[in-house]
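Me: I would like to go through this model by question and answer. Please begin with the terms and the overall make-up.

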Amino acid sequence: MRNCYVYKCDWKHKNNPKRAMFIIPKDPAKFKQWSDVLPKHRRLTNHDRVCEKHFDPADIMRDWSHVIQGETKKVKRCKPNLRPDAVPRYFDLSEAELRNIARKRRLKAPNKQLEAEEKEHETPAEKPSEDEPSFRYELEESEKNAIFEDVYENIFEVELPSTLWGVHRDPEKNYIAFTRFQMLEMPTCTTSTTLVIERSLKCCAWCDASIVLEEDLCMKMASQEGGEEQPSRCHVISEVLDSLEQLAIVHKPSTGERH
Ligand SMILES: [Zn+2]
């Protein structure tokens with residue numbers, strides 16, 4: 001996962017993990033220039049990055065030019081750089097995605113200024129009709145699917161609390177699961193904890209036979225769309241696993257054989 005700021009870009013280019021990434025300029029005037037053109041589904045920060053797909057190829061410098069004995073030689077740069085005046089310009093967003101972005105901004109709008117700014121840029125066609133609620137907290141099926149696919153592909157980035165944990169992916173891509181298996185007194189006394197996350201992003205955990213957790217991870221996962229200051233979606237899962245590890249440590253399994 002490359003964490004490009006542009007909405008759904010990582011998902012669209014998941015088969016191209018080596019895209020060059022460029023940090024948002026620190027200079028306030030340039031920051032504003034980028035901020036004005038980038039479609040914003042959340043607040044843009046100095047830590048955000050934008051990938052090469054959004055720039056004119058002529059704005060990306062991939063070689064060093066050296067003049068040696070009157071001849072120009074090109075040497076590939078280890079890391080491409082942007083020309084100083086480069087600004088992202090291609091976003092490849094559908095009408096539906098632009099509407100989603102507008103909706104997300106209404107959901108998250110932290111202050112009046114953002115709302116005012118949004119109204120200014122809103123075209124009449126984007127305004128919700130009278131009988132349509134202006135915002136919803138439900139994610140669309142396609143958004144849940146995209147998040148699930150992202151987590152499914154990056155499951156090995158989830159930090160497991162201990163070596164007792166294992167990772168499982170349903171070949172049909174309907175769920176992912178994590179299990180913790182421990183043998184306490186060989187071989188009769190074992191304890192296991194299982195966490196299953198369904199495609200709908202609902203999760204459920206059992207410690208031996210009893211349910212210990214039921215949670216909808218939609219909103220937690222949806223807010224993790226990149227940016228270095230935010231934990232990733234894998235981190236959301238790691239936190240759930242950590243809490244299950246704590247539960248498992250205090251859980252005393254019954255063997256059925258003790259007197
Ligand atoms: Zn991108």
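Reply: Helices (H or I, at least four residues) and strands (E, at least two) are DSSP runs, numbered from the N terminus. On that basis the protein chain has seven helices and nine strands. Residues are numbered from 1 along each chain as its sequence is written. This is a predicted model, in which local features need pLDDT of at least 70, side-chain atom pairs count only at pLDDT 80 or more, and totals for chains, interfaces and linings use all residues.

Me: Which elements of the protein chain have the lowest and the highest mean pLDDT?

Reply: pLDDT is the predictor's confidence in each residue, from 0 to 100. The protein chain averages 80, and 81% of the residues score at least 70. Among its elements, the lowest mean, 49, belongs to helix H4 (residues 112-121), and the highest, 95, belongs to S5.

Me: What share of the residues in the protein chain is buried?

Reply: A residue is buried if 20 or more other C-beta atoms lie within 10 Å of its own, exposed if 12 or fewer, and partly exposed in between, with C-beta atoms placed from the backbone. Applied to the 259 residues of the protein chain, the buried share is 18%.

Me: In what order do the strands of the five-stranded open sheet lie?

Reply: Two strands pair if DSSP finds at least two bridges between them. The pairing in this open sheet is antiparallel, and the order is S5-S6-S7-S8-S9. S5 and strand S9 (210-216) pair on one side only, which makes them the edge strands. From one strand to the next, the twist averages 15°.

Me: Which residue of S7 stands opposite Ile176?

Reply: Strand S6 (residues 175-185) and strand S7 (residues 189-198) run antiparallel and are joined by ten bridges. A hairpin of three residues connects S6 to S7. Tyr175 stands opposite Glu198. The residue opposite Ile176 is Ile197.

Me: Which residue in the turn between S7 and S8 has a positive phi?

Reply: S7 pairs with strand S8 (residues 202-207) over five bridges in the antiparallel sense. Leu195 stands opposite Ala205 in S8. The two strands form a hairpin with three residues between them, and the residue with a positive phi, about 75°, is Leu201.

Me: Is Leu201 buried or exposed?

Reply: Leu201 lies in the loop between S7 and S8. Within 10 Å there are 22 other C-beta atoms, so Leu201 is buried.

Me: Is Lys173 buried or exposed?

Reply: Lys173 sits in the loop between strand S5 (165-169) and S6. Its phi is near 60°, a positive value in a residue other than glycine. The count of other C-beta atoms within 10 Å is 12, so Lys173 is exposed.

Me: How far apart in space are Met219 and Leu201, C-alpha to C-alpha?

Reply: Met219 is in helix H6 (residues 218-222). With 12 C-beta neighbours inside 10 Å, Met219 counts as exposed. Met219 and Leu201 are 18 residues apart in sequence, and their C-alpha distance is 9.4 Å.

Me: How many of the twelve residues of strand S4 are buried?

Reply: Strand S3 (residues 60-68) is joined to S4 by eight bridges, and the two run antiparallel. Ile60 stands opposite Leu82 in S4. Two residues lie between S3 and S4 in their hairpin, and Gln69 in the turn has a positive phi of about 50°. Strand S4 (residues 71-82) is hardly covered, and its count of buried residues is zero.

Me: How far apart are the end C-alpha atoms of helix H7?

Reply: The expected span of a helix is 1.5 Å times one less than its number of residues. Helix H7 (residues 233-250) has 18 residues and should span 26 Å, which agrees with an end-to-end C-alpha distance of 27 Å.

Me: What arc do the buried residues of H7 cover around the axis?

Reply: The buried residues of H7 are Arg233, Ile237, Val240, Leu241, Leu244 and Ala248. The arc is that of the directions from the helix axis to the C-beta atoms. These residues are on the same side of H7 because they cover an arc of only 100°.

Technical notes. Axes fitted to C-alpha atoms, helices over the stretch in contact; angles between N-to-C directions.
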